[in-house]
Amino acid sequence: MKKEDKQIVIEKIAGVLKEYSAIYLVQTTGMDAEMTSALRRASFKADVKLMVVKNTLVKKAMEQSDVDYSGLYPALAGSTSLMLSNTGNAPAKLIKDFLKKNKNSQLPLLKAAYVEESVYMGVEQLDALCSIKSKNELIADVVALLQSPAKNVVSALQSGGNKLHGILETLSNKE
C-alpha cells in the first residue's frame, strides 16, 4: 500500500473513532466463516460497528485523535477487530451472549476496551464492562431518585387532604 493510501485509511479510521465513545479491541482470528457472519449479524442488530483493521493503522489513527488511547496500545498485537458503539456496555453484552450461544468457542476474545474515558485490559474485565451503565441510564436513575421524594410529598398531601375532608364531613354529620 502506498504511503498516500495509508494516510487516507488512517484518516478514515480516525473519523470513525471520533463517532463512537466506546472502543473494544477484540481477537476474532480463528473463527470460521459461519461464526464470523453470525457475529457480524449480531453486531448489526446491537448497533455495534465491527471492523477488521491493521494494528499499525489503528495506532496511528488513535495517535492523531484528541482522546488519549495510549492505554490500548499494548493490546494492539496480533490480529485485531474493532467493535465500536456509543453505548458503553453493548459490545461487552454482545460478546458475552455470543460466547454463551457458541459454548465450544473461545472467540471473540476481548483484548482491551476504552469506555467512559477508562481503559479495561483483558478477558477478565468482560463482566465489569457488562455492568457499566450508559450515560442515559445514569441520568434516568438520577431523575428517578430526584422525583421519588417529590412524589411522596404530593401523595402525602393528597391523602392528608382526603382524611381531613373525611373528618370534617363526619363531624358535620354528627350534629
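1. In which strand is the place of S81? S81 sits in strand β3, residues 80–85, where strands (E, at least two residues) and helices (H or I, at least four) are DSSP runs numbered from the N terminus. The model is predicted, with local features needing pLDDT of at least 70 and side-chain atom pairs counting only at pLDDT 80 or more, while totals for chains, interfaces and linings use all residues. Residues are numbered from 1 along each chain as its sequence is written, and side-chain values use heavy atoms, leaving out hydrogens and water.

2. S81 has a relative accessible area of 2% and is therefore buried (under 20%; exposed is over 50%, partly exposed in between; 1.4 Å probe, protein chains only). Its side chain makes a polar contact of 2.8 Å with the side chain of T28 (a pair of N or O atoms within 3.5 Å, one able to donate a hydrogen and the other to accept it; residues adjacent in sequence count only if both atoms are side-chain atoms). Leaving aside neighbours within four places in sequence, S81 is also in contact (heavy atoms within 4.5 Å) with residues including Y24, L25 and M51.

3. L171 lies in helix α6, residues 135–174, and counts as partly exposed because its relative accessibility is 47%.
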